[in-house]
Amino acid sequence: MTGHPVTRRSLSRRNFLKGGLGLGALGALGLTGCSLTGAGNASDLGGTTQLRMLNWVDYIDVTSEDGSSLGTLDRMRSELGLQVAYDESYTDSYDGFQIILDRAVNVENPEFDLVVPVNWRAAQMIESDWVEPIPLELVRNHVNLDPAFMTNSWDRGSRYQMPWQAGITGIAYDPKLTGRALTSINDLFDPKFKGRVGLLGEMREAVGLAMLANGDDPSRPTLAGAEAGLNRVREAIQTGQVKVVSDDFDERLDSGELVATMAWSGDTAVLQGTRPDIEFVIPAEGAIQWFDAMVIPKRAANIAAAGRFMNFVYDPANAALITAYVGYISPVLGVQDVLRASGPDGAALAGSPVLFPDAAARNRLFTWGGLDAETETRLDDEFLRLVP
Amino acid sequence: MVTITSPPRPPHAPVANPAPAAPVARPARARARELVQRDAEPRRWSRSNSPGWYRVWAVLTAATLAVLCAVGSAAAIRSAGATSLIQTDTAPALLGSQDLFGSVSEANAAATAVVLSGAIGAEDRSRRSLYVQALNRASGQTEELSTLVGEDTESRDALKQIAVALTTYSGHMEASRRENALRGNQAEAELRTALNLASKDMAGAVDTVTDRSQDRFVEQRQQGRIITLVAAGCAVVALAALLRLQAGTLARSNRIVNLPMAVATVLVAIELVMLGYAGVVRSTALGRAETDGYRAIQATALLQRSAFELQSQLSLDLLSGQTETSETRRLQLTGSVNSNLAALSSIADSDRERAAITELGIRWDRYQKATAPLVEGKGAATPATISEFQSSGLSAFNGFNTTIESVLLDNRSQFTSGVDDAARAMRWLPWLAVIAPLVGIVGVLVGAQRRLGDYK
């Protein structure tokens, strides 16, 4: 367990935001979202002051090294008296998910009160009855959840999970190395770039993008469409057209090992802090949207504390600080307004089409729609066999 | 004729008492009367002496227990059966018909928005996906409902009508979409035909299914009440008989406890208590399910229906301009949403529910604010207005609608938990109603036999 507080490499793009953003945020409250601090009744919901949380690495703003600005966890401790034992050892949706199974699901006393798997894993957990409902009476800021995240067929209205951050899996490339602008998923299969293209080792994203390239809709996948997508991925891997990459795609792109890659929007935004020449595009055919979701494992000891945490991070002022730091799409209404009001740097972020896609861009984002469990498992197995 | 003969005295038997005087000859009629009286005497003697008393009361008590067994088990089976039917069929049918309302209304709202977006350019893919999902849900719910309504002819006919209407409805929607894509002039007419089909034929049929399910719910709630009262009466009589038998035993033998009879008495007392307890719990739990759960579900479903209709109306007005009628209708629907929100708020009985309804209210305000500027102009909307509606109005509506569903789910949990409690209370009653009197009969007969054995 990493334990609190979390520190990470400092990013200049973020550091300049931290000072002014907090003040600007206060003024911007209520522009679109609103902050509700009603305490509600925490009886029968366990402890309120201790929280054990498992999250992905580098996925929350931290206290600056000189201590001039406090990260979310420190602010939470000083404002709410909530101590968070924060573990960021969650690595991926396959082997990493085993941590959740071993330490939060298949045990009588879960070691975590809050875990943050990707949306389709959260859906599996909800469908398997492994999670507690969100304590709405403690999460009054649930009202700030962007409706775009509330229509999932597996959790309409978001009663069992609350999105943490959302991202786009699109294409990142180095224009100097490609020699041209990339606008289509098919560009990743251009023989000219053979061996220097990255493909993310997440089945739903890799196969989803391939499906889009084939003209299929991954938000309503059919078996035939998914298999055609998988075949395309298989062929690209076996012929050496693409290399399977993980969350190190940004480093490989930065080093020039890759000229283009399937990429997560947030990590690319971080890379762009030091490499503004790197481009991130939502291809013409569309891109895959996903989100990581906060869920409370069944029998968690501190459900009330988890509720208080959710309420805090769904306050637009707090959410804006996290967004500015991690560079992913915030599911919290009002963040764009807070950023805009926080000064020129915040306004620049507020204008980012990757952080705040407009209606036209949103129409080109596809969330994996899911097949039956057996088929998904088979596709996962076949895909994982391709990954070295 | 009874002949009485005296046994011959042995020849050398001592004479204890002086021999009585020879009887005086009596008239034949008097002698006959005497003989009849003597003949009757042993029977009178058997009711008043102890073994006879035990036999009579044991048989009487066993008979009341047998009656209790028959009536009690019939009452328990009837009540438990009705409760089980509520749990497995009627309650899901009630919820299913409300879901069907929701799905059809959502399909309407989403499809209208799709046509609206298609009118100004590329159709809204996510809205189209919501329409397809809602239509598929409605189709699945119709199939599921037909397995839940049993042999109810009226409901079955209504469901057949819905199934046919759904096909026709989707046909019109697709025609509207195609016309839109080809920039034909029939898009709006096809859309209106589909909406009419939904609001008249389908909504009417769904109403029929809901009404019939509600009738069945009330009917099944009442089932078994009278026979349970009769069974309770039988149990009181049986208990009285058992107590009389015990009291008699105590008086005649000075034995305080006759164990088999005491066991029988306790079992019958337990059955009486359980009949009362299960009846009260069942009635309370179903009442709670109705007041806390179902009424809230109805209010939520009405709210959802009004909101969806409002959304469809708004889309149509943006497409072809407002009329006085459409404006009035929109105002009515807004009033309906507001009043149902107030009703829901007054029904809410937990912090969680109140929090969800507060959220619903905030999201409703957002939707109204987002759409207010759009309905100010009287003519058909411009592409810019429609685009604004697509991005902010529909998004706010999504938030409102999915929050309604969230509230609906909470109310469903309350409803099903009330029904489950009722079913749980009835679970063991049929067994108890059979076993307790039967064991009681055995206890009475064994207990009486033991006492008779003492006499021998």
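**Exercise 1. The sheet around β1 of chain A**

In which sense do strand β1 (residues 50-56) of chain A and β3(A) pair, and over how many bridges? Then build up the sheet and what packs on it.

*Solution.* The model is predicted.

Step 1. Start with the pair. β1(A) and β3(A) run in the parallel sense, with two bridges between them. Leu54(A) lies opposite Val115(A) of β3(A).

Step 2. β1(A) and β2(A) pair in the parallel sense over six bridges. Arg52(A) has Ala85(A) in β2(A) as its bridge partner.

Step 3. Set the order. The three strands form an open sheet, β2-β1-β3 in chain A, with parallel pairing. The edge strands are β2 (83-90) and β3 (114-115) of chain A, each pairing on one side only.

Step 4. β1(A) is mostly covered, with six of its seven residues buried.

**Exercise 2. Both sides of β6 in chain A**

Which strands pair with strand β6 (residues 197-200) of chain A, and are its faces covered or open?

*Solution.* 

Step 1. Take strand β7 (residues 242-245) of chain A. β6(A) pairs with β7(A) in the parallel sense over four bridges. Leu200(A) stands opposite Val245(A) in β7(A).

Step 2. Take strand β8 (residues 260-264) of chain A. Two bridges join β8(A) to β6(A), and the two strands run parallel. Gly198(A) stands opposite Thr261(A) in β8(A).

Step 3. Sort the side chains by face. In a regular strand, side chains alternate between the two faces of the sheet. In β6(A), Val197(A) and Leu199(A) are on one side, and Gly198(A) and Leu200(A) are on the other. All four are buried, and both faces are covered.

**Exercise 3. A charged residue inside**

Is Glu132(A) buried or exposed, and which residues does it touch?

*Solution.* 

Step 1. Locate the residue. Glu132(A) sits in strand β4 (residues 131-132) of chain A.

Step 2. Count neighbours. Glu132(A) has 20 C-beta neighbours inside 10 Å, so it counts as buried. The cut-off is 20 or more.

Step 3. List the contacts. Leaving aside residues up to four places away in sequence, Glu132(A) touches Ile296(A), Lys298(A), Ala300(A) and Ile303(A).

Step 4. Look along the chain. Val295(A) is 163 residues from Glu132(A) in sequence, yet their C-alpha atoms are separated by 7.5 Å.

**Exercise 4. Two helix pairs in chain B**

How do α3(B) and α4(B), and α6(B) and α7(B), pack?

*Solution.* 

Step 1. Describe the chain. Chain B has 11 helices and zero strands. Of its 456 residues, 45% are buried. Among contacts with a separation of 6 or more, 83% join residues 24 or more positions apart.

Step 2. Two packed helices are described by the angle between their axes and the distance between the axes.

Step 3. Apply them to helix α3 (residues 125-148) and helix α4 (residues 153-181) of chain B. The angle is about 160° and the axes are 10 Å apart. Angles over 145 degrees count as roughly antiparallel, so α3(B) and α4(B) are roughly antiparallel. Their crossing is left-handed.

Step 4. Inspect that contact. Leu135(B), Ala138(B) and Leu145(B) are among the α3(B) residues, and Leu159(B), Ile162(B) and Leu166(B) are among those of α4(B). By class, the contact has seven nonpolar, four polar and one charged.

Step 5. Repeat for helix α6 (residues 225-253) and helix α7 (residues 259-320) of chain B. The axes come within 9 Å and cross at roughly 155°. α6(B) and α7(B) are therefore roughly antiparallel too. This crossing is left-handed.

Step 6. Inspect the second contact. Ala235(B), Leu239(B) and Leu242(B) of α6(B) take part, as do Val268(B), Leu272(B) and Gly276(B) of α7(B), among others. The classes are 15 nonpolar, six polar and one charged.

**Exercise 5. Between the chains**

How many residues does each chain give to the contact?

*Solution.* 

Step 1. Chain A gives 19 residues and chain B gives 24 residues.

Step 2. Classify the chain A side. It has six nonpolar, eight polar and five charged residues.

Conventions: Residues are numbered from 1 along each chain as its sequence is written. Chains are lettered from A and ligands numbered from 1 in the order in which they are written. This is a predicted model: local features need pLDDT of at least 70, side-chain atom pairs count only at pLDDT 80 or more; totals for chains, interfaces and linings use all residues. Two residues are in contact if their C-beta atoms, placed from the backbone, lie within 7 Å. Ala, Val, Leu, Ile, Met, Phe, Trp, Tyr, Cys and Pro count as nonpolar, Asp, Glu, Lys and Arg as charged, and the others, Gly among them, as polar. Two strands pair if DSSP finds at least two bridges between them. Axes are lines fitted to C-alpha atoms, for helices over the stretch in contact, and angles run from 0 to 180 degrees between N-to-C directions. Angles under 35 degrees count as roughly parallel, over 145 as roughly antiparallel, 65 to 115 as roughly perpendicular and the rest as oblique. A crossing is left-handed if the near helix is turned anticlockwise from the far one by less than a right angle, and right-handed if clockwise. A residue is buried if 20 or more other C-beta atoms lie within 10 Å of its own, exposed if 12 or fewer, and partly exposed in between; C-beta atoms are placed from the backbone.
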